[in-house]
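Open the model in a viewer and keep the selection panel at hand.

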Amino acid sequence: MARITAGIGSSHVPLLGVAVDQGKSRDDYFGPIFAGYDWTKQWVAEAKPDVVILVYNDHASAFDANIIPTFAIGCGERYKPADEGWGPRKVPDVEGHADLAWHIAQSLILDDFDMTIINEMDVDHGLTVPLSMMFGQPVAWPCKVVPLAVNVVTYPVPSGNRCWALGEAIARAVASFPEDLNVQIWGTGGMSHQLQGPRAGLLNREWDNRFLDLLEADDDAVRHIPHIEYLRETGSEGIEMVMWLIMRGALGKAVKRLHRHYHIPCSNTAIGHIVLEPAP
Amino acid sequence: MSDPAPRQPIHDYLAELEDIPGTRIFTAARARKGYWINQFAMSLMKADNRARFKADERAYLDEWTISEPAKQAVLARDYNALLDLGGNVYFLSKLFSTDGLPFAEAVSTMTDMSWPEYRQMMLDGGRSPQGNRSIKGGY
Ligand SMILES: [Fe+2]
């Protein structure tokens with residue numbers, strides 16, 4: 001049977017993709033950020049996931065203002081890197097796992113999650129930057145990916161509680177997939193940042209680290225943080241952190257933390273990541 | 001298992017979103033108001049649209065059902081005005097890239113700082129949430 005073996009929460013700042021693509025990842029500015037991912041790169045190379053369920057948000061790339069799916073799952077065979085206005089990133093196409101994705105989609109719908117199913121789309125930095133951070137610059141990505149796009153732009157976005165419950169339902173779906181697959185789930189976005197208005201540039205080291213503490217905890221208190229707290233404390237785009245709760249919900253009640261890293265700044269953003277395993 | 005508290009009434013939820021200093025949360029009301037501004041910006045994802053826009057910004061804007069103040073705000077690259085009119089930064093960023101302006105530099109134009117000042121603030125740890133959390137509460 002398929003099983004979820006680990007989860008990663010990680011920022012997906014577009015500038016990190018630029019740093020990788022332009023070979024700047026070890027300079028004075030980016031060095032401390034990429035050093036924090038060195039451990040994780042080595043770990044993931046050994047963990048060798050067959051599939052990553054990659055929770056992210058589209059930033060007006062695949063979806064325009066017309067249709068706004070709250071939760072959308074990519075059930076296609078492959079996805080191309082999106083042109084976000086600077087030309088598509090020169091990274092490999094993303095190979096989907098259509099069998100697993102369709103299985104998860106069906107299971108989620110039967111579990112009362114009204115999923116949007118996507119057959120064709122381009123994937124933007126929200127999805128490709130985490131792949132670059134974990135896998136570097138391979139000729140082909142070493143695993144298949146099930147994209148799971150969450151609306152965190154137009155309000156109301158889904159609650160932390162709903163995201164956690166979706167994660168639980170994803171874990172049930174994976175556990176009922178007959179093929180023997182090593183599956184990881186990554187929740188991406190954040191951490192504190194605000195990209196708009198006179199308050200732009202807000203960062204909150206203390207709150208972000210409290211959030212990381214809560215993710216490591218053996219309870220689900222983190223799911224009840226209301227939207228307004230993310231917004232006041234971590235900036236308007238800090239709300240992306242609700243996507244980490246889909247990852248956390250999928251790992252079960254207790255987890256073991258394998259690695260954690262936090263750094264300020266990366267462009268407008270506080271950058272952080274955490275690697276978790278379900279506790280036995 | 002924990003039972004969530006009963007859901008907050010919708011009007012309280014929406015009112016709180018307006019209580020953050022220097023911030024326009026992209027509510028349904030803004031998404032509705034700014035729909036064509038955002039769709040105009042989205043159209044700049046296509047190279048031929050970018051070329052037509054650059055050749056004659058006003059003429060390209062006139063193809064869209066957006067208000068005169070919104071057109072003026074686009075021409076002036078007044079991003080705070082565009083946020084007030086329902087623009088969203090992820091859509092407006094198509095205008096940043098059309099102008100060849102890095103994202104963070106474009107963001108800095110919405111603050112009271114110059115780009116070098118803003119960049120330095122970020123290097124120094126960013127803007128503090130202290131005093132920036134609530135208009136009514138002042139904390
Ligand atoms: Fe994002």
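On a 1 Å grid over the protein atoms alone, a pocket is an open set of points where a 1.4 Å probe fits, with protein on both sides within 12 Å along at least five of seven lines; lining residues have an atom within 4 Å of a point. A volume is the space filled by probe spheres set on the points, which are joined across faces, edges and corners. The model is predicted, and totals for linings use all residues. Residues are numbered from 1 along each chain as its sequence is written, and chains are lettered from A in the order in which they are written.

**Stop 1: the largest pocket**

The volume here is about 1,100 Å³. Select A:P14, A:L15, A:V18, A:W86 and B:F103, the closest to the centre among 44 lining residues. Next, colour helix 1 (14-21) of chain A, then helix 8 (89-98), helix 9 (103-108) and helix 10 (115-123) of chain B; these elements each give two or more residues to the lining. Helices are DSSP runs (H or I, at least four residues), numbered from the N terminus. Helix 1 of chain A has the largest share, six residues.

Now select domain 1 (10-14 + 26-99) and domain 2 (102-130) of chain B: both give residues to the lining, so the pocket lies between them. These bounds come from an automatic or database domain assignment.

**Stop 2: the second largest pocket**

This pocket holds about 640 Å³ of space. Select A:S159, A:H227, B:R7, B:Q8 and B:Y13, the closest to its centre of 25 lining residues. Finish on helix 1 of chain B, which gives the largest share of this lining, four residues.

Methods
This is a predicted model: local features need pLDDT of at least 70, side-chain atom pairs count only at pLDDT 80 or more; totals for chains, interfaces and linings use all residues. Side-chain values use heavy atoms; hydrogens and water are left out.
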